Amino acid sequence: MTATLVHLGDLHLHQSPRQSDRLYAFDQIIDEALLFPALAAWLLPGDVFDAKSSIADRNALRVRVTRMADRAPVVICYGNHDQPGDLDIFGDLKAAWPVYVVDHPAMVTLEVAAPFIGGNGKPQMTLFVLPWPSVLSLSEERVTVRVRESDDTDWASLLREIFEVAGMG
């Protein structure tokens, strides 16, 4: 059976003359996706905010993420524009499905809303979530890689190392 994931990246929410257009488009996507019969999860893979969020930015996102999580789980990860701690509050939202906020490389296993059956017979899927690599840490292995945008980083090697430590390489 097929499951549908709705991927909404690079929202760059911030107070500007175009914010209402941005939120209107976001609402249209949510409205359409709510009609998908096999909606399994929502993915917000970074750059949710354009810079440090304001109270108005967080409130606007809270309304929408709660609406999304009333239908299926939501996975939010940090991007290079998201400030440390800015997204954490969304993990505490009360809705029918959980909201996962990921700030380090992680494998996230979630029960899903769609009839997609995992290995244990329950509707679930596992996602490998890789936030923006300004500082990457894999908690169990205590592997930390510091990367600056100006570094000549061998990204292929870095990703291979991350996947190996995560048991996926």
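## Strands, a buried arginine and an aromatic pair

Strand β1 (residues 4-7) and strand β2 (residues 39-44) run parallel and are joined by 4 bridges. This is a predicted model. Together, β1, α1 and β2 form a β-α-β unit, and the unit is right-handed.

| Element | Residues |
|---|---|
| Strand β1 | residues 4-7 |
| Strand β2 | residues 39-44 |
| Helix α1 | residues 19-33 |
| Helix α2 | residues 55-69 |

Next comes helix α2. R64 sits in this helix. Is R64 buried or exposed? R64 counts as buried because its relative accessibility is 13%, and buried means under 20%. Leaving aside residues up to four places away in sequence, R64 touches L23, F26, D27 and I30.

Now the aromatic rings. How many aromatic pairs are there? The count is 1. The pair is formed by F49 and F90. Their ring centres are 6.4 Å apart, with 40° between the planes, and the pair is tilted. Where do the two residues lie? F49 is in the loop between β2 and α2, while F90 is in the loop between β3 (74-77) and β4 (99-102). The pair therefore ties together parts that are 41 residues apart in sequence. Both F49 and F90 are buried.

Definitions and conventions
Residues numbered from 1 in each chain as written. Predicted model: local features only at pLDDT ≥ 70, side-chain atom pairs only at ≥ 80, totals over all residues. Heavy atoms only, no water. Pairing = 2+ DSSP bridges. Right-handed = clockwise from strand over helix to strand, strands pointing away. Buried < 20%, exposed > 50% of the residue type's maximum accessible area, 1.4 Å probe, protein only. Contact = heavy atoms within 4.5 Å. Phe/Tyr/Trp six-rings, centres within 6.5 Å; stacked < 30°, edge-to-face > 60°.
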